[in-house]
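Trainee: I've got a structure open and would like to talk it through with you. Can we go piece by piece?

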Amino acid sequence: MRTHKLGEADRIVTILTKRTGKIRGVAKGVRRTTSRFGARLEPFTHVDLQMHTGRTLDVITQAETIRPYGEALVVDYPRYTAGSAMLETADRLIAGEKEPALRQFLLLVGGLRALAAGEHEARLVLDAYFLRSLAVAGYAPALDACARCQGTAVRAFAIVAGGVVCGNCRPAGAAVPEGETLGLMLALLKGDWATADASLARHRAECSGLVAAYLQWHLEHGIRSLRHVEREPAT
């Protein structure tokens, strides 16, 4: 998910694994041009790793590439920035190390695969990933009934309330999105790509703003990569 330098030639690599969740490992000598697996430990790469248990950090001893998603992402700015926001979000949502996070792992791999395939607009894929990863973490927004009274006559979207709200439950400052925007959010959460792909640019832009605000409110921290994604115009 991310790397940072250690000493003159090593790197500490933060990895999301299928069985043991988030872990950190040392890749020794990986910054040398003669490194055997330097490129395999770059962000966006799905790899099969072997690691040796160390005193403070595990040491990566072998890396074999399963899918190099980065090859498709680094040459396309919208997809690259969306992928960066995915990695950062996964890192934020999974707070503890060596705690199983299988569903988050599968969501992240699936999101990167969808970005690399380019079958859907990058921001749609990113917003779908945000909504689903929040749902796995227990923060799914209410989208088809009032978050407070479960009434179906929804009028607004309130982050502090947990999703859509009716007129009676609407708190001050709640956003009032178009109905098609809420429909798009629900489609992305459920994986209804036919509806999502047919959405209009203004509904995608409004959806992205709501999803980003909802995500960052629950994380209690801004997603730095998201600032670059938001500079991309809606299409």
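Predicted model: local features only at pLDDT ≥ 70, side-chain atom pairs only at ≥ 80, totals over all residues.

Trainee: Is Ser133 buried or exposed?
Mentor: Look at the relative accessibility of Ser133, which comes out at 0%. The cut-off for buried is under 20%. So Ser133 counts as buried.

Trainee: Which residues does Ser133 touch, leaving out those up to four places away in sequence?
Mentor: Ser133 belongs to H4, and it's part of the contact that H4 makes with H3. With residues up to four places away in sequence set aside, the ones Ser133 touches are Thr89, Leu93, Gln104 and Leu107.

Trainee: How do H3 and H4 run relative to each other, roughly parallel or roughly antiparallel?
Mentor: Two packed helices are described by the angle between their axes and the distance between the axes. Here the axes of H3 (residues 102–117) and H4 (residues 122–136) come within 10 Å and cross at roughly 175°. Angles over 145 degrees count as roughly antiparallel. That's why H3, relative to H4, is roughly antiparallel.

Trainee: What is the make-up by class of the contact of H3 with H4?
Mentor: On the H3 side you'll find Arg103, Gln104, Leu107, Leu108, Gly111, Ala114 and Leu115. They meet Ala122, Val125, Tyr129, Arg132, Ser133 and Val136 in H4. Sorted by class, that contact of H3 with H4 has eight nonpolar, three polar and two charged residues.

Trainee: Lys98 isn't a glycine either, and its phi is positive at about 60°. Is Lys98 buried or exposed?
Mentor: Lys98 is in the loop between helix H2 (77–93) and H3. The cut-off for exposed is over 50%. With 52% relative accessibility, Lys98 is therefore exposed.

Trainee: On to charges: how many salt bridges does a search of the whole structure find?
Mentor: Some of them join up, as with Arg2, Lys22 and Asp91, which are linked in a network of salt bridges. Searching the whole structure gives ten.

Trainee: How many residues apart are Glu42 and Arg11?
Mentor: These two form a salt bridge, with the closest N and O atoms 3.5 Å apart. Glu42 is in the loop between S3 and S4, while Arg11 is in strand S2 (residues 10–17). The pair links distant parts of the chain, and the separation is 31 residues.

Trainee: In the salt bridge of Asp76 and Arg79, which residue counts as buried?
Mentor: The N to O distance in this pair is 3.7 Å. Asp76 has a relative accessible area of 24%, so it's partly exposed. At 18% relative accessibility, the buried one is Arg79.

Trainee: And where is Glu178, the partner of Arg202?
Mentor: The side chains of Arg202 and Glu178 meet in a salt bridge at 3.2 Å, N to O. Arg202 is in helix H7 (residues 201–219), 24 residues from its partner. Glu178 is partly exposed because its relative accessibility is 33%. Its place is the loop between strand S7 (163–166) and helix H5 (179–190).

Notes:
Residues numbered from 1 in each chain as written. Heavy atoms only, no water. Axes fitted to C-alpha atoms, helices over the stretch in contact; angles between N-to-C directions. Helix = DSSP H or I, 4+ residues; strand = E, 2+ residues; numbered from the N terminus. Parallel < 35°, antiparallel > 145°, perpendicular 65-115°, else oblique. Contact = heavy atoms within 4.5 Å. Nonpolar A, V, L, I, M, F, W, Y, C, P; charged D, E, K, R; others polar. Buried < 20%, exposed > 50% of the residue type's maximum accessible area, 1.4 Å probe, protein only. Salt bridge = Lys/Arg side-chain N within 4 Å of Asp/Glu carboxyl O.
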